[in-house]
Amino acid sequence: MNYQKITDILAKIREKTDFIPEIALVLGSGLGQFAELIGHKQIIPYKDIEGFPVSTVLGHEGRFVFGEVRGVKVAAMQGRVHYYEGYDMEDVVLPVRILRLMGAKTLILTNAAGGINPSFKAGDFMVITDHIASFVPSVLRGPNADELGVRFPDMSSIYDRELIARIKESAKEEDIDIKEGVYIQTAGPNYESCAEIKMYKILGADAVGMSTACEAIAANHMGMKICGISCISNLAAGIAKHPLTHAEVQETADRVSKDFERLILNIIEKERLI
Ligand code: HPA
């Protein structure tokens, strides 16, 4: 990986802000509104950072929002870039790597995902317990940047067990039903065929999406404490009885956005107390 590129972009950001985040938060499709709750904000659009990958997806703002939530310094990504947009994996995970180098030790990943587990319904939340990333290229392919992490990093406990337990507590306190399960990442941008979803189910996946696992790998490589929350925006192909659309994904995310906000606020509050 091109470590120089990462540090060059970090230097560009450091010309604009000396903000040191405690928590990094990636806001997925339709979940970007959470950034409105960030106080004392400083906003940096990705397009204003020379060399930074810019998202092209509807519903993704494409900017960093730095500020405070419940007394915790938070760096939120309002929108992310995806592999399906044509970027190399190295560019897809560059923002997460930058956030770690800015100081964030904890990473909260969020996304919209299709529900594979038959007990899930659209509008549910799922805390990610593990992932399957075997269907997309590894973000760590190529020369290793020893400054970031080891060549062959362990991936046996990517999602922090204590954080998962606290997220479940947060959900309970907020009276939000939360599922748990395995997230599988596909390359996209097409949704899956019914046969693919059947296969993913057999492989042990509970939800499917086009992001997140690659970011978790990059962050784990750098030693971050990671958690992930999926908004089940639709039932996956073949489980849903109708064709899938991006509009449905956005509508569901919009519908549950207030619950999502309460959940994330509670999680951040708990992190503050740790
Ligand atoms: N498949 C893949 N990605 C998704 C889906 C889906 O059904 N829903 C939201 N993101």
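Strands β6 and β9 (residues 225–235) pair in the antiparallel sense through three bridges, where pairing requires that DSSP find at least two bridges between two strands. Strands are DSSP runs of E with at least two residues, numbered from the N terminus. Within this pairing, Val-127 stands opposite Ile-229 of β9. The model is a predicted one, in which local features need pLDDT of at least 70 and side-chain atom pairs count only at pLDDT 80 or more, while totals for chains, interfaces and linings use all residues. Residues are numbered from 1 along each chain as its sequence is written, and side-chain values use heavy atoms, with hydrogens and water left out.

Strand β6 (residues 125–132) also runs parallel to β7 (residues 178–185), to which seven bridges join it. Here the bridge partner of Val-127 is Glu-180. Of the eight residues of β6, seven are buried, that is, under 20% relative accessible area (1.4 Å probe, protein chains only).

Strand β4 (residues 72–78) is mostly covered, with six of its seven residues buried. Five bridges pair β4 in the parallel sense with β1 (residues 23–27), and Ala-24 is placed opposite Ala-75. With β3 (residues 63–69), β4 forms an antiparallel pairing over seven bridges, in which Val-65 has Ala-76 as its bridge partner. The hairpin of β3 and β4 has two residues between the strands, and Arg-70 takes a positive phi near 50° there.

The ligand is surrounded by residues that include Ala-112, Ala-113, Gly-114, Tyr-191, Glu-192, Ser-233 and Asn-234, each having a heavy atom within 4 Å of the molecule. A polar backbone atom of Gly-114 lies 3.3 Å from a nitrogen atom of the ligand. On the side-chain side, a polar atom of Glu-192 is 2.9 Å from a ligand nitrogen, and an N or O atom of Asn-234 is 2.7 Å from a nitrogen atom of the ligand. The protein covers 95% of the 260 Å² of accessible area that the ligand has on its own, as given by the Shrake-Rupley method with a 1.4 Å probe.

Two or more residues of the shell around the ligand come from each of β5 (106–115), β8 (207–209) and β9. Strand β5 gives the most, with three residues.

Conventions
Buried < 20%, exposed > 50% of the residue type's maximum accessible area, 1.4 Å probe, protein only. Helix = DSSP H or I, 4+ residues; strand = E, 2+ residues; numbered from the N terminus. Polar contact = N/O pair within 3.5 Å; in protein donor to acceptor, adjacent residues only side chain to side chain.
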